[in-house]
Every structure is written in C-alpha cells, then in structure tokens.
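Hello,

Here is the structure for you to look at. My notes on a helix pair and a sheet follow below.

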Amino acid sequence: QQAGNEAGCHQRSFIAMIGFPETHASRRSWQQKFPTYAEHGMVGAAHPLTVETGVAILRDGGNAVDAIVGAGLTAAVVMPEMCGLGGDLFAVLHHPILGTFSLQGSGISPRNSSIEQMRAAGESGGRFMPDRGPLAISVPGMVDAYFALLERFGSKTFADVAQYAIAHARDGYFVHDLGAQHIASYADMLANDEAAAAVFLPGGKPVGAGQRLVQADLARTMESLGKDGRDSFYIGDIGQRITSYLQAHGGALSIEDFSEHTSEIGKPIETTYRGHTVYQTAIPTQGMILLEALNIVENGSFGDLWTAGDIHLITEAKKLAYADRLAHTADQNFHHSPLETLLSKQWGSKRFAAIDPAHAASDVPGGDLSDGDTTYINAIDGSGLMVSMIQSVSSAFGSGVIGGDTGVVLNNRVGRGFSLVEGHPNIYAPGKKTMHTLNAFMVTDHEDRPVLVGGTPGGDGQPQWNMQVIVGLIDGGLDVQAAIDLPRFTSWPGTDPASIDNPFDLRVESRVGADVLAELESLGHTVVSQGPWSGGGAMQIISRDPDSGVIIGGSDARVEGSVLGF
C-alpha cells in the first residue's frame with residue numbers, strides 16, 4: 001500500500017514516519033508507509049479497486065470530479081457495507097476557475113409517516129428510532145449528487161465514468177478480508193431481507209474473502225442510469241421499483257418523496273486556524289463540529305504530539321463542540337442553526353474558558369446562546385481541481401434492505417440519525433433531513449490557496465480524527481502520512497441518539513505510552529487502551545503545492561486503502 005501527503009506550506013522531500021512496527025489486532029504487522037508523489041493527478045480511497053478506477057479516469061483525460069464520481073461508483077459496488085446508490089454523499093471542492101463549493105446530497109424522511117409510527121416501531125419502548133429495516137430509510141441522495149457534480153464540474157458523462165463500476169458489478173470482484181468480515185458479522189441481519197440475502201448470502205452462506213461477489217441487478221441499474229439519467233432513479237422505473245418493494249415490506253417512502261429530491265450546491269462553511277482557512281461541508285453535516293473545535297483549541301497550544309495535555313485539550317474541546325451540535329443544529333428548513341455564533345472566534349474563546357485543564361468534564365451541556373460504516377475518497381488533478389468527498393449508507397449495510405431487483409443497498413440514516421426526545425432540534429418529523437455524521441474538509445495555505453483535501457469515515461469519530469490530523473499538520477509541521485500515523489484517540493459518546501446517555505470514555509491507541517495513559521486517568525478520563533493501530537478510521541489526504549504542482553498523498557495504514565497518482 002502506498003500513501004503520503006504534506007501540508008502544502010511545509011513540504012519536505014522526506015520526513016520520518018511517526019509510529020512503530022506494532023501488531024494489529026488482526027495479527028498483521030504494521031508496515032511503515034511513506035508519502036506518494038505525483039504530478040498529473042492522484043486519488044485516495046479505502047479500497048484498491050476504488051483508487052484504481054479514479055486513476056484510470058484521470059489517465060483517460062478526466063478531471064478530478066470525473067475521477068471521484070467514477071471512484072465513488074466503484075466503491076458502491078466493492079464496499080457495499082460502507083456505501084451504495086441508496087446512500088448519501090457530501091463533498092467540498094475547489095475549482096481553479098469557478099471557486100470553492102460544498103455539496104449536500106442527503107434526502108428527507110418519508111412524508112407519509114409520523115413520529116407516532118416511528119415510536120411504535122422503535123426500540124427500547126419507543127425511546128429510539130427503528131434502527132434497521134424499511135422504516136429506517138431516507139430518500140437516497142447519492143445518485144443525484146453524482147449527476148450534479150458531473151454536470152457542474154465534470155468533463156465526462158455518467159456512462160463514461162460508471163463503466164468500471166458496472167464491470168465490477170456485472171463480472172464480480174474478489175471480496176477482500178475486511179468486506180468478508182462485514183458480511184459474516186451482519187449475516188443474520190442481511191438474512192432478514194430476501195433481496196439482500198440473495199446477493200450477500202448465496203445458498204445461505206456469507207460470501208467469503210477471495211470469493212467472487214456478483215451484483216448483476218446493480219450492474220443493470222447503473223447501466224440504466226447511464227442511458228436514461230438521474231430521473232430514472234427519482235421519478236422513473238428504478239425509483240418506482242425501489243419504493244414499491246419498500247411499501248410491500250412495511251416501508252413508508254414513496255416515489256413522490258423521491259421525485260422532489262435535489263442536491264444543494266453552495267458555499268462551504270469555514271473558519272481560520274493559525275492562518276489557514278479550513279473549509280467544511282455545510283448543514284445537515286457535522287462539519288461545524290470540526291470548525292468550532294478548531295476555534296476552541298486555537299486558544300491553547302500543543303506540546304510534543306501527543307502529551308496528556310494535548311489529548312486532554314482536544315478531548316474537552318470535542319465535548320463542547322459536540323454538545324453545541326446536539327443543542328443547536330438541525331435541518332435549516334425546520335430549525336435555525338446559529339452557525340454565525342457557533343463558528344465565531346468569540347464563541348471559541350468562550351467555550352475554551354469552560355475547559356478545566358486539570359480535570360475531564362463528565363457533564364457537558366450545550367452552550368447558552370442568550371449572549372449573543374461510510375467511505376471517504378479524494379482526488380486532485382494537475383490543474384488544481386480538488387475534491388474531498390464522503391459517501392455512506394450510515395450503519396454497516398445501512399438498513400439491511402436492498403431495493404428489490406435494483407441491487408441498491410439502502411441507507412438507515414432516518415433510523416440512526418433522528419431523536420425522539422420532545423424539544424430536541426433533531427427530533428423526527430416527516431419530510432425532514434436528519435443531521436449527518438458525514439463531513440469532509442479542505443485547507444488553504446497562508447496565501448489562501450487551496451492546498452489540501454482530507455477526511456475519514458467513522459461516524460462520530462470523523463470530526464475528532466480530522467481535528468487530530470489538522471493539528472498534526474499545522475501545529476506539528478508533519479507531512480500528511482506522519483499526521484495520519486499519529487496515535488489516534490476518540491472520546492465517546494458523540495451525537496448518536498442511541499448512545500448519547502452513556503458516560504464518557506476516552507479510547508486511546510496504546511502507542512501513546514503507559515505514562516500518558518496514566519496521566520489521562522489522573523485527569524479524570526475513563527481511559528480505554530486500544531491496540532496500537534486499532535483506533536478506527538480510514539484517513540485519506542492529498543495535497544498539491546500550488547507553486548511546483550507536486551501532488552503528495554497519504555493513506556491510513558489501519559485499512560486496505562491507498563493513494564495512487566501519476
């Protein structure tokens with residue numbers, strides 16, 4: 001596996017990697033990784049076939065948007081546990097002529113439903129939404145997002161870039177270890193849906209590593225999209241077949257819900273951090289968490305990454321930003337999310353003052369405003385067009401439902417995302433979009449030139465891990481591979497309604513050292529020591545030096561992915 005990347009303003013030809021050759025929980029030895037360099041273009045993703053597709057499109061004359069859409073489509077085939085045409089997609093991108101944009105590609109909950117219906121079908125006596133099954137699904141936004149990206153910024157057609165994914169679906173691909181582990185782990189759930197069982201459990205047995213997985217129905221669906229366009233999914237035959245299947249199995253989505261869906265393309269949200277601008281995807285994503293947390297920690301300083309004080313500061317800032325997300329943000333059509341306040345430097349200073357440097361907080365409410373499983377893909381081409389994109393079906397295999405004979409794995413974003421607590425900003429309502437864990441970022445240099453795109457899957461871990469690599473890049477002066485390789489830590493819970501009432505714990509990769517773990521315990525953190533490379537996530541980062549044009553990429557050793565360029 002190749003990898004690597006560099007903060008554009010601190011590029012060096014070689015930097016020793018952070019980390020040690022420890023052993024994975026899977027008993028695979030960690031292999032030191034080095035940055036990958038290129039000139040004409042680069043793609044990073046968590047599955048080799050996804051990367052291969054993107055690079056093939058770049059070599060065929062496509063731009064970064066063409067490459068990332070094609071790569072995303074291949075990911076929808078070879079990583080069905082993470083993403084699929086029935087999921088959502090968000091992106092932040094910079095076009096050297098048109099400017100910087102954010103794309104929000106998520107859909108609404110069923111209009112022909114009610115909160116009473118969700119409580120009756122929910123879990124724990126109606127305290128939590130139904131997490132899986134036909135009622136857990138929102139209108140998929142991914143397909144429309146692909147077409148919107150290509151129409152606005154691409155140079156090739158959907159049929160052009162989809163040919164690689166179609167071939168993998170039609171002819172089959174050999175399932176990798178991680179994919180096989182997911183299929184086996186969720187076999188009981190997949191067996192509950194006849195369409196899903198037919199794909200992933202042929203003959204009643206999970207498809208294993210090294211076995212060929214064929215998805216002929218999905219191949220035909222992608223071919224139809226290439227021939228008939230996005231309307232075939234949202235108002236035509238594909239959408240009709242999906243919604244008919246769902247309604248026959250107790251779902252509430254209708255073709256009318258599909259027919260009014262559109263992606264939103266507009267300005268990203270942003271903040272500055274130590275002279276750099278950091279862009280993020282907008283509401284309903286949780287991109288604001290990263291930006292607010294950066295505003296908080298900017299008031300402090302960092303030592304030799306990671307000291308106990310460093311981890312404590314980032315963790316306490318995380319708690320505050322997550323609490324503000326829970327208390328104050330939701331679908332803008334239903335609730336005013338005061339981002340102008342939450343992303344201000346004054347608010348960051350106020351929230352920083354709430355951090356006790358000597359003790360971990362155990363109860364973190366949202367600030368008082370009265371004063372005033374997912375996959376990530378990125379691509380950069382030689383022109384400087386860069387895209388940071390994340391797509392997901394939410395939980396592993398989403399709802400556990402495939403849309404009948406379409407082959408489309410459908411999300412469970414409604415079931416996982418909404419709250420049923422009265423008065424909560426993100427409370428369930430028909431026709432509402434839930435807040436999303438998905439987010440992706442872009443960073444500029446001191447001259448405000450976009451130089452870097454990055455992100456990771458991982459639910460509520462995403463903003464935390466994104467913040468850690470940004471601190472590593474900017475405060476630590478690390479190259480991107482070194483920043484990715486830093487020992488990872490995660491504060492739980494995050495924003496997931498099903499776990500929000502759990503007490504805080506801090507999960508830390510053991511590579512930080514026993515002394516750091518002990519000091520964190522002394523600060524009042526409930527520390528859970530994890531394997532040296534078991535902290536989660538699948539970070540991919542690519543940067544481009546705007547002066548030399550050199551492209552440098554980094555990839556997470558914790559997963560199967562890579563970055564490749566030419």
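**Helix pair and sheet**

The axes of helix H1 (residues 48-59) and helix H5 (residues 158-171) cross at roughly 150° and come within 9 Å of each other. Helices (H or I, at least four residues) and strands (E, at least two) are DSSP runs, numbered from the N terminus. Axes are lines fitted to C-alpha atoms, for helices over the stretch in contact, with angles from 0 to 180 degrees between N-to-C directions.

This is a predicted model: local features need pLDDT of at least 70, side-chain atom pairs count only at pLDDT 80 or more, and totals for chains, interfaces and linings use all residues. Residues are numbered from 1 along each chain as its sequence is written, and side-chain values use heavy atoms, with hydrogens and water left out.

On the H1 side, the contact (heavy atoms within 4.5 Å) is made by Leu 49, Thr 53, Ala 56 and Ile 57, and on the H5 side by Val 161, Tyr 164 and His 168.

Seven strands form an open sheet with antiparallel pairing, in the order S1-S20-S19-S15-S14-S9-S8; two strands pair if DSSP finds at least two bridges between them. Strand S1 (36-38) and strand S8 (269-273) are the edge strands, each pairing on one side only. On average, neighbouring strands of this sheet are turned by 20° against each other, direction ignored.

S8 is joined to strand S9 (residues 276-280) by five bridges, and the two run antiparallel. Glu 270 has Tyr 279 in S9 as its bridge partner. Helix H13 (residues 287-297) packs on the sheet and touches S8, S9 and strand S14 (441-444); the direction of H13 makes about 20° with that of S8.

Regards
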